[in-house]
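Welcome! Please take a look at the structure below, and then we will walk through a few parts of it together.

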2 protein chains.
Amino acid sequence: MAAISSSSVRVGVVAPGGRITPELADRVLAFAAGLDLARAVDLRFHPQCFASCGHFAGSDAERADALVSVANDPDFDAVWFARGGYGSFRLVEAVLPRLNAVARAKTYLGYSDTGALLGAFYGARIGTSAHGPMPSDLNRPGGEAAVLRALAFLVAGEAAANPAPAAAFNITILAHLIGTPYMPDLAGHVLMLEDVSEPLYRIDRAFGQITSAPAIRRVAGIMLGRCSAIVANEPEFGQTEVEIARYWCERAGIPYLGRADIGHDADNTVVPFGQEPYRFK
Amino acid sequence: MAAISSSSVRVGVVAPGGRITPELADRVLAFAAGLDLARAVDLRFHPQCFASCGHFAGSDAERADALVSVANDPDFDAVWFARGGYGSFRLVEAVLPRLNAVARAKTYLGYSDTGALLGAFYGARIGTSAHGPMPSDLNRPGGEAAVLRALAFLVAGEAAANPAPAAAFNITILAHLIGTPYMPDLAGHVLMLEDVSEPLYRIDRAFGQITSAPAIRRVAGIMLGRCSAIVANEPEFGQTEVEIARYWCERAGIPYLGRADIGHDADNTVVPFGQEPYRFK
């Protein structure tokens, strides 16, 4: 990834979990080139995005190296995670101590599995973590709108700090951060939670852990995003995901604040951690 | 469940997660009646085992009440969990403060989902928690041996305290206990871990959380039980469950101590927490 000099926002794409295809990267680049904001963004896919090592887009070392190199490179303004899958948590411990001052002033955008890195970075006060669409969302019906929203945020982002800061996570990924050294302090935050492809009993199980963790009980409240592609529960679970969220919030004494506009879909809002959700018009 | 007076060990069966059928209870009773130890054990299925409320064997209140009533009843010597499924964690917070001195001298036997209760009880120093077969195991091929092993432990159990105490958990269930107030102190324990019906990426993800938790890093070592009915990983994960266990143990500086004889199968050993694994001959 050679750097060029321009006034545009340079965004480096790396894949901390699963790989993407070069064809998807080409489609994202072609889509971005046709946008009004095309000249404002300079998008570079790191070759590591296309690497393969079992489940992952390259070995742990390859993925960590790519992320660290783009994060630490002053020629890049932002890091965009290519897709979720699984693999981000494996990198956290190795990546954190390698990030320099440049990396600490950068924006990191992704969701789903990459929430493990976003949460850890937020906890370590490294740059701006933001929950929002990824390049892989171009594969969704209506995914162009999601990718446009992400790029617009990366170009124009930086919402003002807000008295009720937000954070957004995949439910399962947040559950697996709890109790590790990488769990950020979310006291006073509006915590937005979404999930995909889980049966309701697992959403309930993860909600139980999340709302029982003393650290989480200090959030300002919980908003439930979309739980999509729910896997059939045998027998019928007996509560909807909204009832599950209300149930655990009430038990924990956490205000339930209604629905959040996030999820594994094209409408997924950008939520910069510690700030207000990004309003894209 | 009327109590009768005898010198046998009276075992109350309750279902903190999913329900069982009355037919299964009858089969377990008939099987137990034909054993050499039949006169040494007096097995009672609480009617709550057959209740139904969505996913669960009755509402949270019904399940908690049944567990508390049997646990607190001096006419019962042990509590045997009927099956796993999901639901134990929902009961922990409500049940713990209701247990009396009698409950604190009792043995609790189960595994899988019921590990949430076993772990919380162990953490609160309530009786003896033991990881081992449940009545539902009679449905497995060779399940008679598992049920016999469980009954023999309940009748003759009480292994001697050991300099290297053990604890055993389902990997996913332990991951969901971490960071909650119900996570027991496992410092110095040999921690045995098993799982069922998960793809390898989820086993890896949970292992990452478990071995990253500072509390877990103080265990004497980790032994890997059987990971059965592994769901296909797309793409191929690239590591076996043994390699996953070794990988995370090495990263965490936790000794990997080899395989443990536990799992969702008929051979599942009884592991009383804080003691040596039960040797059944």
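## Ground rules

Two strands count as paired if DSSP finds at least two bridges between them. Helices (H or I, at least four residues) and strands (E, at least two) are DSSP runs, numbered from the N terminus. This is a predicted model, in which local features need pLDDT of at least 70 and side-chain atom pairs count only at pLDDT 80 or more, while totals for chains, interfaces and linings use all residues. Residues are numbered from 1 along each chain as its sequence is written, chains are lettered from A and ligands numbered from 1 in the order in which they are written, and side-chain values use heavy atoms, leaving out hydrogens and water.

Let us start with E3(A), which covers residues 78-81. A:Ala78 and A:Trp80 point one way from this strand, A:Val79 and A:Phe81 point the other way, and all are buried (under 20% relative accessible area; exposed is over 50% and partly exposed lies in between, with a 1.4 Å probe and protein chains only). In a regular strand the side chains alternate between the two faces of the sheet.

E3(A) pairs in the parallel sense with strand E1 (residues 9-14) over four bridges, and A:Gly12 stands opposite A:Val79. E3(A) also runs parallel to strand E4 (residues 107-110), joined by three bridges; here A:Ala78 has A:Thr107 as its bridge partner. Between E3(A) and E4(A) the chain passes through helix H3 (residues 88-95), making a right-handed β-α-β crossover: with the strands pointing away from the viewer, the path from the first strand over the helix to the second runs clockwise.

## Helix H8 of chain A

H8(A) spans residues 241-252. Which residues of this helix are buried? They are A:Glu241, A:Ile244, A:Ala245, A:Tyr247, A:Trp248, A:Cys249 and A:Ala252. Their cover includes helix H7 (200-212) and strand E8 (221-228) of chain A, and also helix H2 (60-72) and helix H3 (88-95) of chain B. After H8(A) comes A:Gly253, with a positive phi near 70°.

## Two copies

Chain B superposes on chain A by a rotation of 180° with 0.0 Å of shift along the axis (RMSD 0.0 Å), using least squares on the C-alpha atoms of residues with pLDDT of at least 70 in both. The two copies are therefore related as by a two-fold rotation axis. In chain B, the C-alpha nearest the axis belongs to B:Gly179, 2.0 Å from it.

Technical notes
Expected span 1.5 Å × (residues − 1). Contact = heavy atoms within 4.5 Å.
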